[in-house]
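Work through these exercises with the sequence and the model open side by side. Try each task before you read its solution.

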Amino acid sequence: MVNYDLEKRRFVIGGVAAAIILIYIVRLFTLQIMSDDYKKNADSNAFLKKIQFPARGAISDRRGKLLVYNQPAYDIMVVMSEQWGVDTLDLCASLGITEEFYKKRMAEIKDPLRNPGYSRHTQQLFMSQLSAEEFSTFQEKLFRFPGFYIQKRSIRQYNYPYAAHILGDVGEVSPTDIEKDDYYQGGDYIGKLGVERYYEKQLRGEKGVEILLRDVHGRIKGNYQEGRFDRDPIPGKNLTLTIDLELQALGERLMEGKLGSIVAIEPATGEILCMVSAPTYDPRIMVGRQRGKNHLRLSRDPMKPLLNRAIMGRYPPGSTFKTSQALTFLQEGIITPSTAFPCSHGFNYGRLHVGCHGHASPTPLIPAIGTSCNGYFCWGLHYMFSNRKKYKTTQEAMNVWKDYMVSMGFGYKLGVDLPGEVRGFIPNADYYDEHYRGAWKGLTVISISIGQGEVDLTPLQIANLGATIANRGYYLTPHIVKEIQDEPLDTTFTRKHYTRVDRRNYEVVVQGMRRAVEQGTCRSANNAWYAVCGKTGTAQNRGHDHSAFLGFAPMENPQIAIAVYVENGGWGADYGVPLGALMMEQYIRGKLSPESEKKAEMFQNKRISYGSQSR
C-alpha cells in the first residue's frame, strides 16, 4: 500500500531544495552580472582612475573684454575602502577643520540620498576648492593619510563687479542634477544661474581620465600600459556675449539705490546690449568656499538681489503700452492718423472717469502719443470693443486685440537664452468671462488701453516693443550670447518675427514718439547729435507710481532700443527718460559728455526709499 504522506513530504523537501538552489543562482547572477561592486573592488585594488577635469569655457563681452576665466584650485578626495588607520585628529589639524566637521562630512558622503551613486571603492569629494597655499601645506603631509588624494581642477573668477544676473555662477551639483545627467558625480560643479546655467553643456567640456597602476600595497607604480587607455579632457567652449560692459556698468551705476531694470537691445540683431536688474551684487563673492554663505545672505535680503527683474519682474507697462494700442487701432481701421478724440482732463463716459493731465483737446494720434493722452487711447479701445459692424461680440473684439498683443511679443516668453524668464500676462475674453461671470463689457476693462489693469509685462518685453517699432514691424528673439566657439548660433535667434501690423502704421507711431521727444513728455531726451524717439510711462501702483521709459535711437537706422523701469520712481520723466537718454548717449557716442557725466553722478547718488517693502 502506497504511503501518500511520505510521497507528499518528498515533494515538499524537493521543492524547498529547488527554491534554495534558485535563490543562490539568482543571488550569484545579481552579484556577478547585474552588480559592478565586485568589479569595482577588484579594479580598485589594481587601478586608480583619476578624473581629469576640463577647463571651463571663458566668457567675454561683445568687444572682447574678458569677463569670466578660470584659476587653479584643489579638491581633497577620499576612497573609503582605503582608509587604513588614518589619524583623524592629525588630518583635521592639517586641514584646519574640526573633528565634528570631519564626522559630518563622512556621514554625508555615505548617505545615498545626499550622494547618489556612492561607492566605497571610488573617489568621493571630501573638501573642495583649496587655495594654492592650502594645497602645498597639505601635500607635504599627504603620505600620512592613506585613502586621501588631491584632485586638481579650476574655479571661476569674475573680472568685474558687473552683470551678475547675466553671468550667473557655478556651484556644487545637487542630487537632482546628478539624477538628471550621469555626466556628474558628487562634488562636481555646475552652472547655477545665468549664462553659466543656460550654456552649461557648452561651457563644461568633457572629462578625461588617467588610469594609474597600483602594487599589492596600494602604492602607485605609474600609468597603466603607459597611458594607452588614458583620455585627455576636452576644454569647454568660449562664449562671446552680446552685452557692452561699459554700458552695463553705467546702467548699474544709475540704478544704485533703486529697484527696477534697464534693458537695451540692438534692433537689427536682437542682441541684448545690457540687462540691468537692481539691486544687484558683485559676482566675485559667489566663488570659493564662501559661496554658500554669501548666497544665503543674498537670498534673505528683503530687496531680493538674486531676482533678475529684467526677465522675472512682472510690471504694468503704463503709457509705454499706448504705442501697441495705436498700432492695433490703426491696423484694424478703428482710427486713422487724423482721427481726433476729446480729452477733458481724461476719459469721461457716464460715471466712468480715467484722469489725464492738461493738454490741447481734441487731439489726433501723433500729438496724443507725444503728450501721452489717456483719453485718446481709452476712446480708441471703447470704439474697437463696441464696433458691431466689425466684431459680433465684445468677446470677439477682445480676442482680436489679444492676438495683436501676442504678435508683438507679449503674454508669452520671448525665449531669451537665460533661465527663469516669465511670460507676463495679457488677458483674453475667457479670463474676463470667468472673472466677471460673463457680466463685463469694453468699459469694464478700459484701463488695459493705457497699460494698467490686468496687463503685466517684463522689462525685456517692453524693450523688445521698442526694438519692434524701431524695425517698423518685426523683432528677432532677444539673446545674450553672440558667439559660441566652433559652434553656429541657434537659428532661433536669427529669424524675424513679424507682427500683424503693416510698416506704414509703424511709421505713424514713430512720428508720435519723435513728437514726444521734441515737444512732449520726453523732451529731456532730445539732443543735437541724433534723433531720439521715446515714450514715457507712469504706471500706477499701490504706493508711489513706477517710472518707465521706452525709446530708440537714431530715428533712422536705429542702433539701440531701450526700456527703463524704476519702481516707485514717480513720473516717467522723473527717472525713466533721463536714465534712458544717458544710456543711449553712452552706447551711440561711446562716452558721456561732461554735462551728461554730471547728470549720471547725480542719479547715481539719488536713492528711493522703499522702507521695509520686499519684492
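**Exercise 1. A serine in a strand**

Which residues does Ser 277 touch, not counting residues up to four places away in sequence? Find them, then describe the surroundings of this serine. Keep in mind that the model is predicted.

Solution. 
- Step 1: Locate the residue. Ser 277 sits in strand E12, which covers residues 271-278.
- Step 2: List the partners. Not counting residues up to four places away in sequence, Ser 277 touches His 165, Gly 260, Leu 307, Asn 308, Arg 309 and Ala 310.
- Step 3: A polar atom of the Ser 277 side chain lies 3.1 Å from the backbone oxygen of Leu 307. A polar atom of that side chain also lies 2.8 Å from the backbone nitrogen of Arg 309.
- Step 4: Buried means under 20% relative accessible area. Ser 277 has 3%, so Ser 277 is buried.

**Exercise 2. A serine in a loop**

Is Ser 372 buried or exposed?

Solution. 
- Step 1: Check the area. The relative accessible area of Ser 372 is 6%, so this residue counts as buried.
- Step 2: Find the polar contact. The side chains of Ser 372 and Ser 319 make one at 3.3 Å.
- Step 3: Leaving aside neighbours within four places in sequence, Ser 372 is in contact with Ser 319, Lys 322, Cys 356, His 357, Thr 521, Lys 535 and Thr 536.

**Exercise 3. The nonpolar cores**

Which residues touch the most other members of the largest nonpolar core? Pick one and trace its contacts.

Solution. 
- Step 1: Start with the general rule. In soluble globular proteins, nonpolar side chains tend to be buried together.
- Step 2: Name the residues. The largest nonpolar core has 97 residues, and Val 195, Leu 241, Met 275, Leu 365, Phe 377, Trp 401 and Leu 460 touch the most other members.
- Step 3: Trace Leu 241. Beyond its neighbours within four places in sequence, Leu 241 is in contact with residues including Ile 59, Leu 67, Ile 166, Val 195 and Ile 480. Asp 61, Arg 62 and Lys 482 are also among its contacts.
- Step 4: Turn to the second core. This separate core has 37 residues, among them Ala 278, Cys 522, Ala 525 and Val 564.

**Exercise 4. The cavity**

Solution. 
- Step 1: Count. The structure holds 1 cavity of 30 Å³ or more.
- Step 2: Name the residues closest to its centre. Of the 22 lining residues, these are Arg 56, Arg 153, Ser 154, Val 170 and Tyr 189.
- Step 3: Find the elements. Strand E5 (148-158), strand E6 (170-172) and helix H9 (200-204) each supply at least two lining residues. E5 gives the largest share, 4 residues.
- Step 4: Sort the lining by type. There are 10 nonpolar, 5 polar and 7 charged residues.

**Exercise 5. Backbone details**

Which residue does a cis peptide bond join to Pro 554? Then examine Asn 557.

Solution. 
- Step 1: Identify the bond. A cis peptide bond joins Ala 553 and Pro 554, with omega about -15°.
- Step 2: Pro 554 is in the loop between strand E19 (546-553) and strand E20 (560-566).
- Step 3: Move to Asn 557. This residue is also found in the loop between E19 and E20. Asn 557 is not a glycine, yet has a positive phi of about 55°.
- Step 4: Exposed means over 50%. Asn 557 has 68% relative accessibility, so Asn 557 is exposed.

Conventions:
Residues are numbered from 1 along each chain as its sequence is written. This is a predicted model: local features need pLDDT of at least 70, side-chain atom pairs count only at pLDDT 80 or more; totals for chains, interfaces and linings use all residues. Side-chain values use heavy atoms; hydrogens and water are left out. A nonpolar core is a set of buried Ala, Val, Leu, Ile, Met, Phe, Trp, Tyr and Cys residues joined through side-chain atoms within 4.5 Å. Buried means under 20% relative accessible area, exposed over 50%, partly exposed in between (1.4 Å probe, protein chains only). Contact means heavy atoms within 4.5 Å. A polar contact is a pair of N or O atoms within 3.5 Å; within protein, one must be able to donate a hydrogen and the other to accept it, and residues adjacent in sequence count only if both atoms are side-chain atoms. On a 1 Å grid over the protein atoms alone, a cavity is a set of points where a 1.4 Å probe fits but cannot get out, and a pocket is an open set with protein on both sides within 12 Å along at least five of seven lines; lining residues have an atom within 4 Å of a point. Grid points are joined across faces, edges and corners, and a volume is the space filled by probe spheres set on the points. Ala, Val, Leu, Ile, Met, Phe, Trp, Tyr, Cys and Pro count as nonpolar, Asp, Glu, Lys and Arg as charged, and the others, Gly among them, as polar.
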